[in-house]
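Here are my notes on this model, as numbered points. Please read them with the structure open.

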2 protein chains.
Amino acid sequence: MHDPKIRLEKMIDNLKRHGYKITPQRLAILRILAYSLGHPSVEEIYQQIRIDFPTISIATVYKNISTMKTLGEVLELGFGNDSSRYDGHTPYPHPHVICTKCKKIVDSQLENFQDFTQKVIQETGFSIVNHRIDFFGLCPDCQRQNS
Amino acid sequence: MHDPKIRLEKMIDNLKRHGYKITPQRLAILRILAYSLGHPSVEEIYQQIRIDFPTISIATVYKNISTMKTLGEVLELGFGNDSSRYDGHTPYPHPHVICTKCKKIVDSQLENFQDFTQKVIQETGFSIVNHRIDFFGLCPDCQRQNS
DNA sequence: TATTAGAAGAGAATGATTATTATTTAATAA
DNA sequence: TTATTAAATAATAATCATTCTCTTCTAATA
């Protein structure tokens with residue numbers, strides 16, 4: 001689940017299996033989603049693809065990401081009014097660490113959330129199917145600049 | 001921190017201490033924030049206040065909530081494109097449990113996030129100052145309706 | 001009661017996202 | 001290899017929550 005090439009293959013297979021066509025624009029979007037560790041925004045993906053496809057529409061980026069969301073191949077991280085960020089590298093729920101200054105988003109590898117989920121189920125009676133865990137602070141780079 | 005009357009007093013004190021005026025509209029908004037356990041949206045607050053203040057503007061609701069946010073007296077829960085929900089009852093970070101069907105939001109009392117925060121600090125080198133923890137699923141009521 | 005800084009009200013502006021529609025193209029089969 | 005066709009793209013309009021602007025009003029104070 002960590003090799004971008006394999007991620008890309010898996011995305012393409014999943015699309016084909018569901019009868020979607022593999023267009024050059026779509027492939028370019030998939031590549032960014034699979035290879036990017038940096039949780040890009042739609043705007044960033046759009047600007048990067050415009051280098052090779054100057055006529056692409058930002059609506060095409062939105063639509064393709066939406067498709068990948070429904071196939072479970074990308075995780076959307078929405079932040080209130082700010083534009084969403086996307087994780088196509090690790091598309092299942094996991095903690096993120098967000099720098100409030102430079103907006104960098106880093107994955108965390110902590111995994112013991114089954115215990116918490118169980119406690120929440122007991123406490124509230126909800127049936128839990130998903131979670132979102134974010135930590136906010138300053139990344140090492142921005143800490144240095146502040147001192 | 002759990003008695004609505006005391007919450008309301010604290011909010012009013014905090015506003016006065018910072019030189020804000022206590023207007024009837026503001027007071028009505030504070031009352032909803034302090035007493036409501038249901039994490040209301042701006043629209044819900046607006047509709048409720050219109051009963052007593054038919055001429056109030058929704059911008060006034062937004063502006064007052066924004067003021068309370070800067071004073072740390074209300075916690076904003078943004079959800080991507082959907083409208084934000086507000087917690088004026090327990091205005092510091094704590095886990096929330098959200099029903100994906102009826103949009104109900106319930107507080108969780110789980111508190112052991114210092115350990116996780118420490119691990120995230122060690123893992124990433126970030127300085128963590130805040131967090132957001134949400135669990136998504138079906139509330140007991142909606143589970144019944146589905147079966 | 002007069003003064004005045006801050007608040008309210010109305011509506012325009014913004015910005016991310018979604019919808020619409022005409023045109024183009026990937027996939028398939030003859 | 002080419003024709004067919006359903007789906008994808010591009011361009012643009014529409015939407016919706018939120019913020020901004022500006023004028024009018026009012027709570028606090030002296």
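1. The residues near DNA strand C split into seven nonpolar, 11 polar and four charged. "Near" means that a heavy atom of the residue lies within 4 Å of the strand. As for the classes, Ala, Val, Leu, Ile, Met, Phe, Trp, Tyr, Cys and Pro count as nonpolar, Asp, Glu, Lys and Arg as charged, and the others, Gly among them, as polar.

2. Ground rules. This is a predicted model: local features need pLDDT of at least 70, side-chain atom pairs count only at pLDDT 80 or more, and totals for chains, interfaces and linings use all residues. Residues are numbered from 1 along each chain as its sequence is written, chains are lettered from A and ligands numbered from 1 in the order in which they are written, and side-chain values use heavy atoms, with hydrogens and water left out.

3. Which residues come nearest to DNA strand C? Of the 22 around it, they are A:Tyr62, B:Lys21, B:Thr23, B:Arg26 and B:Ile56. Sugar and phosphate make up 73% of the DNA strand C atoms that come within 4 Å of the protein.

4. Now the polar contacts (pairs of N or O atoms within 3.5 Å; within protein, one must be able to donate a hydrogen and the other to accept it, and residues adjacent in sequence count only if both atoms are side-chain atoms). A polar backbone atom of A:Ile22 is 3.0 Å from a phosphate oxygen of DNA strand C. For A:Ser84, again a polar backbone atom, the distance to a phosphate oxygen is 3.1 Å. B:Asn81 uses a side-chain N or O atom, 2.9 Å from a sugar or linking oxygen.

5. Helix 4 of chain B gives the largest share of the surface near DNA strand C, four residues. Helices (H or I, at least four residues) and strands (E, at least two) are DSSP runs, numbered from the N terminus.

6. Turn to the protein interface. Chain B and chain A bury about 3000 Å² between them, 71% of it on carbon and sulfur atoms. Buried area is the accessible area (1.4 Å probe) that two parts lose on being put together, summed over both. B:Phe116, B:Phe126 and B:Phe135 supply 23% of the area that chain B buries here, more than any other three residues.

7. The rule finds 14 residue pairs in polar contact across this interface, both residues at pLDDT 80 or more. Strand 5 of chain B gives the most to the side touching chain A, with 12 residues.
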